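Open the structure in your viewer and keep the selection tool handy. We will go from stop to stop, with a note on what to select each time.

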Amino acid sequence: MQDGFIKVAAVSPRVRVADVWHNVDACVEAIRTAAKKGAKVIVLPELCITGATCGDLFWQEALLAAVRQAVQDVAQQTAELDALVILGAPLSREGKLYDCAVAMARGQVLGAVPKRSLGTAQRRHFCPASLDTDFADMGWGEEVAFGAGQVFCCEQAPGLVVAVEIGEDLWSLRSGVAELVRGGATLVVNLSATPALVGSASFVRSNVVLQSARLACGYVYACAGEGESTTDAVYGGQCLIAENGNLLAESQQFGAGCAISDVDVSMLVQERRRSAAFNQDTDWASAFTPTPFSLNVTQTDLVRPVDAFPFTPCDESEREGRCEEILDIQAHALAERMRAIGSKQAVVGISGGLDSTLALLVTARAFDVLGLPRTGITAITMPGFGTTDRTHNNAWQLTLALGATPREIPIGASVRQHFADIDHDENVHNAAYENAQARERTQILMDVANDNGGIVVGTGDLSELALGWATYNGDHMSMYAVNAAVPKTLIRYIVRHVAQTCGNEREAEVLLDVLDTPVSPELLPANEDGTIAQQTEDLVGPYELHDFFVYQLLRYGFGPRKIYRLACIAFAGTYDGATILHWLKVFHRRFFSQQFKRSCAPDGPAVGTVGLSPRGGLCMPSDASSALWLCELEQIG
């Protein structure tokens, strides 16, 4: 299980009601097919050995005797497979009949988990179980664990701990799976036989996804299929795999009845380390029976999707809603800060670039929230040595389109005076040459704000903070940083969203041209043709890569090797492995070395689960070493 992934499958073989030996063959075939695809945990439906619709045939000794032999036959026929298999069977014990999930691996039956929550019809035939677990002779040669209070633990991968739910346990108040998860189970499997009704598929899907989110677990759901359909009941063979609130795979209703994907067990363990719900003093694990099993957990190819833009929803309608929500969070946060300090004026440095454009849009919306005229926004353009006509014109036109007050303050003369003061040669384009311009602009913004009783609205974004791509005490500083938790890739979508929905043709035209402009600080002189000479992504790398890196590092705590592997999948066809590795090294060097800038960053609204604020978003020492991370990267190549 290198990198923490385990391939799992939910399969729904076509069974015949009460035809045990046919069902053995169907189950074995389905198990073998899933194992050939690399599945290490394979889940089949509830009561699949007999069929769930046997009715009073469950009372027949001939059927129950065949079941005991059938379970052993399935175990023996799949003994050569490297997988944990869990399937459904009715089992009799001490004069009572139970609806059970039977776990087996490498030819050995490991244990039986009886169902706790029985539907009305099932109570005619089966007894409900408690969480108590003991050992019983079920006719398989040696005693096995029997009870709902057990989990199955992989010896080769300590993070892989499997708990079992059956059917209605998923939405029942009596289900004990939450306690099993608190005790360490990371993967929950559900063997179900739920009839297909109008709306039932979406109901089950939402419950599976929500259960995986609530319990921070992987969830594998396998439901009985068409072969079960009899009398008044129809079964669709719905198979689902979810992880921590995300649907990874789903079979088609009345289709092949197979879903396969990779569950990231190490990510789930990381999630729980951060959660107060999993950090209680109570020793939940001590109350449960752990049943060990063995797997060869070597790395396999991933079949799960890897999103190249994790900050941005793939679905267009969801993305538009996300953009609107973020704009509202930013605007209302700024409005509240202005109320708190009693300010009715705002100052924004507007460059014609992406970040300052969003900052101005947010400020305009905040003024609307406060009921203040937008003329109270002073948008200052401060042309310097690298300012181009394109960005200068966009800054001016956007200010006018939004109804803010434009102001132009060139910085050339004051920066040249500063060069003279510090004895710097203007022809030497070093850090002092660039940063002097940024600090001059910040001084202007702060002093204008002091002069008119306003607040300086910062423009820097999360991507720049992660890389330290800001001039210390220059554009690094403001009185409120509205973009501080928004990454560059998401800013593009937000600005495009405003362009498409603002209803102002002039504003939309400027916003679309801003989106078309290369990202640049414009601190070096322009090219002879007047175009931008200094392009940020040529210097620090593609922001789409860096946003992917920072998300995986901070949201999940992934190591460099895992981030590299995921990036190679996500950006296949866009960047080769060597390019990804190069910029991943750059990212780690800069991320660690630039923490001192983040340690004193101004306030700004949190908008998502990844943040860099030193006041809770990221608690990181300024002088931490990156050696461990870079060493792992060097081992890649």
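Here is a short tour of some strands and helices.

This is a predicted model, in which local features need pLDDT of at least 70 and side-chain atom pairs count only at pLDDT 80 or more, while totals for chains, interfaces and linings use all residues. Residues are numbered from 1 along each chain as its sequence is written, and side-chain values use heavy atoms, with hydrogens and water left out. Helices (H or I, at least four residues) and strands (E, at least two) are DSSP runs, numbered from the N terminus.

**Stop 1**

Select residues 84-93, strand β3, and 96-105, strand β4: they run antiparallel, joined by 10 bridges. Strands count as paired if DSSP finds at least two bridges between them. Look for Ala89 opposite Cys100 of β4. The β3–β4 hairpin has 2 residues between its strands, and Glu94 in the turn has a positive phi of about 55 degrees.

In β4, 9 of the 10 residues are buried (under 20% relative accessible area, with exposed over 50% and partly exposed in between; 1.4 Å probe, protein chains only).

**Stop 2: an open sheet**

Next, colour the 7 strands in the order β13-β12-β11-β10-β9-β8-β15, an open sheet with mixed pairing. β13 (246-250) and β15 (289-293) are the edges; each has a single partner strand, so one side of each lacks a neighbour in the sheet. Zoom in on β8 (residues 150-154), which runs parallel to β15 with 5 bridges, and find Phe152 with its bridge partner Thr291.

**Stop 3: a buried helix**

Select residues 560-570, helix α16: 8 of its 11 residues are buried, among them Ile563, Tyr564 and Leu566. The buried residues pack against several elements, including β1 (5-11), α15 (543-556) and α17 (577-593); contact means heavy atoms within 4.5 Å.

**Stop 4**

Finally, which residues make the contact between α7 and α13? Show helix α7 (residues 354-370) and helix α13 (residues 505-515), then pick out Leu354, Thr357 and Leu361 of α7 and Glu507, Leu511, Val514 and Leu515 of α13.

Conventions: Axes fitted to C-alpha atoms, helices over the stretch in contact; angles between N-to-C directions.
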